[in-house]
Amino acid sequence: MKVKDVPQDTTFLGDVRAVSYAVTDEGKYSLTPSTGWSAVSQANDVAWEVINEDVEIALDSIAAGNHSPLAYHMAKHQMDVPLLASYAKLPKWRVKRHLKAKIYHKLSPAILARYAEVFNIAVSELDQLPSA
Amino acid sequence: MSVDFQHFQSAHCESGVTSNLFINYNQPLSEALAFGIGGGAFFGYFPFVKVNKLPLTTFRTAPGAILKKTIKRLGATLAVKRFRNQAKAQDQLNELVDQGTPVVLQTSVYWLPYFPPALRFHFNAHNLIVFGREGNEYLISDPVFETPVRCTAKDLQRARFATGPLGPRGRMSYFTSEPKDTDKAKAVRLGIKEACFKMTKMPVPFMGSRGIHMMANKIEKWPEVLGEKSARQHLAQLIRMMEEIGTGGGAFRFIYAAFLMEAAEILNRPALKELSREMTDIGDHWRQFALMGAKRCKNREDKDFSYAKLANIAHQCADREHQFFNQLAKQIS
């Protein structure tokens, strides 16, 4: 890739610039700043589509009364049960229970505080869900 | 309190911290040289290991290996510590930083607030250097960024103790004594030898050029085996491993080509310059793959596209890399 060909597309990098290795006219390598390549943005978009889909599925399930708000936060933070369990320092079977709407409403403040801490929010924000 | 730290932006975090660390100990070492000495170029396709539910494909050597091997091959020693106790980890970091010692940390990127939001995934093998602290904030030389950044103690702790695969466990590394100036020729040879072996002679089908062929065969069957939707997700993941995660472009092949240019001078082997150009071409070939794949990611209706065409490009890259690394091995034998 020549220096002049290094893409300077509008990407998720925004104002940030990464550097790529590109070849100068003299045949030497130069670390060249780049605002990004659209191809990478397109691939990155697909990864986010998956996450956003998981969030939507969680929100629908919560609205239907099946899952608890924890399902939304878990999806938003790209976690699954094992990962959430390791962050909350709880066994997986308990996290699975807490994901159920019926169980969630009976959870102690201490347990709720643990989850809030993992998600970096106040306990009161656990129940604040985006409108579907 | 902060060290007078020289920060240089790099393409890749691990080779970047290695380079920046040496530079700040008055041992000039470019990122490309660090990458190559550490045996950086590689290929592995591990469908039995999942990252974000998708098969792991890597175009560089194992996480941590570049730093470790470059240090060793340059005759230096790094103190490496991991912690169970998070408070102790923070105390030790503070102690080192306050006495002017720059510290390499392994962290997650997910919990680093200065990362562009689109890049914040649960990836736990990121590297950065802490070189100072002011109040509640640390001064960080994160090599993939243009200038040093700041991060609160709370956020950095989270990043240091992120859980999940390749969890850092507070891992930190630092020099206990000044690295000495060494003759780089031997280190360069060892790095090249390692890369050549791993790309052409590994006795397993999922590494090296054989691994690329294996992946290509899988790619061709993706729509049939995975369905279109999942195939597209797998493809996106692959493109990201080639170009998004700080590869310097061309699936790390450009940075390796830059290394070979330097190696040519160090070993006094002009033939390595020619090989550097071939490596650049191979990197461009991988970018053709990425471009074709990205078009598919954006537009599912692209009639010209087929996974067979994509697989074909990968097979071509595999053949070229096999031939390339065999030729490279001859140059240093």
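Helices and strands are taken as DSSP runs, of at least four residues for helices and at least two for strands, and are numbered from the N terminus. The structure is a predicted model.

Chain A contains six helices and two strands. The order of these elements from the N terminus is β-β-α-α-α-α-α-α. The radius of gyration of chain A is 21 Å, whereas a compact globule of 132 residues would have a value near 14 Å. The C-alpha trace of chain A spans about 70 × 30 × 25 Å along its principal axes. Of the 132 residues in chain A, 36% are buried. Where contacts in chain A join residues at least 6 apart in sequence, 47% of them are between residues at least 24 apart.

The contact between the chains involves 28 residues from chain A and 36 residues from chain B. On the side of chain A that touches chain B, at least two residues each come from strand 1 (18-23), strand 2 (29-34), helix 1 (38-63) and helix 3 (81-88). Helix 1 of chain A provides the largest share, nine residues. By class, this side of chain A comprises 20 nonpolar, six polar and two charged residues.

How values were computed. Residues numbered from 1 in each chain as written. Chains lettered and ligands numbered in written order. Predicted model: local features only at pLDDT ≥ 70, side-chain atom pairs only at ≥ 80, totals over all residues. Rg over C-alpha atoms; globule rule 2.2 N^0.38 Å. Buried ≥ 20, exposed ≤ 12 C-beta atoms within 10 Å, placed from the backbone. Contact = placed C-beta atoms within 7 Å. Nonpolar A, V, L, I, M, F, W, Y, C, P; charged D, E, K, R; others polar.
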